[in-house]
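Student: I would like to go through the contact between the two chains here. Could we begin with the helices?

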There are 2 protein chains.
Amino acid sequence: MKISDLVRESDVPLATVKFYIREGLLPAGDATGARRAEYDERHLSRLRLIRSLTVVAGLPLSRTKSILDTIDHPDGDMYETLGRAISALAADPHADAHSAHGARYAEDALAALGDEYHASDARMEAFTQLGEALRAAAVCGLSIDAELIRSYGHHAMEIARAEFTRMPPAPEAAVEYSILGTVLYEPVIAALRRLAHQNLAADLR
Amino acid sequence: MKISDLVRESDVPLATVKFYIREGLLPAGDATGARRAEYDERHLSRLRLIRSLTVVAGLPLSRTKSILDTIDHPDGDMYETLGRAISALAADPHADAHSAHGARYAEDALAALGDEYHASDARMEAFTQLGEALRAAAVCGLSIDAELIRSYGHHAMEIARAEFTRMPPAPEAAVEYSILGTVLYEPVIAALRRLAHQNLAADLR
């Protein structure tokens, strides 16, 4: 298809499509003339993915690029690839600098969680993020008690197990599923929790 | 305390503190002279809150301001205030424009969820966000089947119930708890789910 078809099919403006190509997020089309190039379904699906990561998941371009790179170059096994994707999703890219502060919170949480998170260690990217998130809540006067952490941890693990049973068997598809599932399903879970809050508040009226 | 003490205590640079005051996120101190002002604990806790919302939750300044406004002016009951806060947290502030597309996904999800979300309706802010999040996943080829939606919905409701039992009884404290809990606990739950994924991937090695 021509670039104009790509624009129409994706509903992404031409200037934005060209910007993504310049920034290396979207591969250029195959040149078919001095000023013409041909695009295909892969460009369209990549474009939809970029829009979902930036507009829906609210990720900045730099992190979107890291995630696309991880999908395109899944070096190592699932564990390593997932770690790189999680790292690219960090809310605060400088979190490592404070990780000594957050680590204590994450360790306390893991102690409360017990055996359910038996493989966790401080080198896991999500461990750092957990510590930072717990620290931020504590700093704002909203410390999370051990019982609530156990509830969160249990339900998060149940969700993760349900997701793992849906993992595609082919390794490349599995990597893409786990990375995109982390990014794209998180807003679904967050929206359901917010909807649950609104339901409970409606019941109080 | 002087502004220099506020900077030291909060670990936020002076230029940033002044920027927050100019932007109306942080109230100015009480003037004690032509070029001096006095700050107190409320300034310090507000500053920590701004940092958590922007740096940890990754919210842009405009949305951080909306959330602070909602906390400062909790008009209406819990249900209305929570709705305004959830609206301020929308990943895509223009989501209303597409809501007709997302609504179908949200309605299908609610049909799968059954009675557990009996109070939901299409005017709920979280309903729109759920539709947008489901649509984004579907557009990227990662549609969520009814069984996984039921699992998500059930665990999200269990989490929300555990949180509601911790709501402070005073109305103003309850509003602040529910708004901050939405913002600050979401990254904790997301981090635990990512940690659960890393645990399950580690078990596969």
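Student: Which residues of α8(A) meet α8(B)?

Tutor: In this predicted model, α8(A) contributes Leu148(A), Ser151(A), Tyr152(A), His155(A), Glu158(A), Ile159(A), Ala162(A) and Glu163(A). They meet Leu148(B), Ser151(B), Tyr152(B), His155(B), Glu158(B), Ile159(B), Ala162(B) and Glu163(B) in α8(B).

Student: How do those residues divide by class?

Tutor: The contact of α8(A) with α8(B) has eight nonpolar, four polar and four charged residues.

Student: And at what angle do α8(A) and α8(B) pack?

Tutor: The angle is about 175°, and the axes lie 10 Å apart. Because angles over 145 degrees count as roughly antiparallel, α8(A) is roughly antiparallel to α8(B).

Student: Turning to the whole interface, how much area do chain B and chain A bury?

Tutor: Between them they bury about 7600 Å², with 69% of it on carbon and sulfur atoms. Arg193(B), Arg194(B) and Gln198(B) supply 10% of the area that chain B buries against chain A, more than any other three residues.

Student: How many residues does each chain give to the contact?

Tutor: Chain B gives 82 residues and chain A gives 81 residues.

Student: What about salt bridges between chain B and chain A?

Tutor: There are 14 salt bridges between the two chains. One of them joins the side chains of Arg193(B) and Glu163(A), at 2.9 Å from N to O.

Student: Which element gives the most to the side of chain B that touches chain A?

Tutor: That is α9(B), with 25 residues. By class, this side of chain B has 51 nonpolar, 14 polar and 17 charged residues.

Notes. Residues are numbered from 1 along each chain as its sequence is written. Chains are lettered from A and ligands numbered from 1 in the order in which they are written. This is a predicted model: local features need pLDDT of at least 70, side-chain atom pairs count only at pLDDT 80 or more; totals for chains, interfaces and linings use all residues. Side-chain values use heavy atoms; hydrogens and water are left out. Contact means heavy atoms within 4.5 Å. Buried area is the accessible area (1.4 Å probe) that two parts lose on being put together, summed over both. A salt bridge is a side-chain nitrogen of Lys or Arg within 4 Å of a carboxyl oxygen of Asp or Glu. Helices (H or I, at least four residues) and strands (E, at least two) are DSSP runs, numbered from the N terminus. Ala, Val, Leu, Ile, Met, Phe, Trp, Tyr, Cys and Pro count as nonpolar, Asp, Glu, Lys and Arg as charged, and the others, Gly among them, as polar. Axes are lines fitted to C-alpha atoms, for helices over the stretch in contact, and angles run from 0 to 180 degrees between N-to-C directions. Angles under 35 degrees count as roughly parallel, over 145 as roughly antiparallel, 65 to 115 as roughly perpendicular and the rest as oblique.
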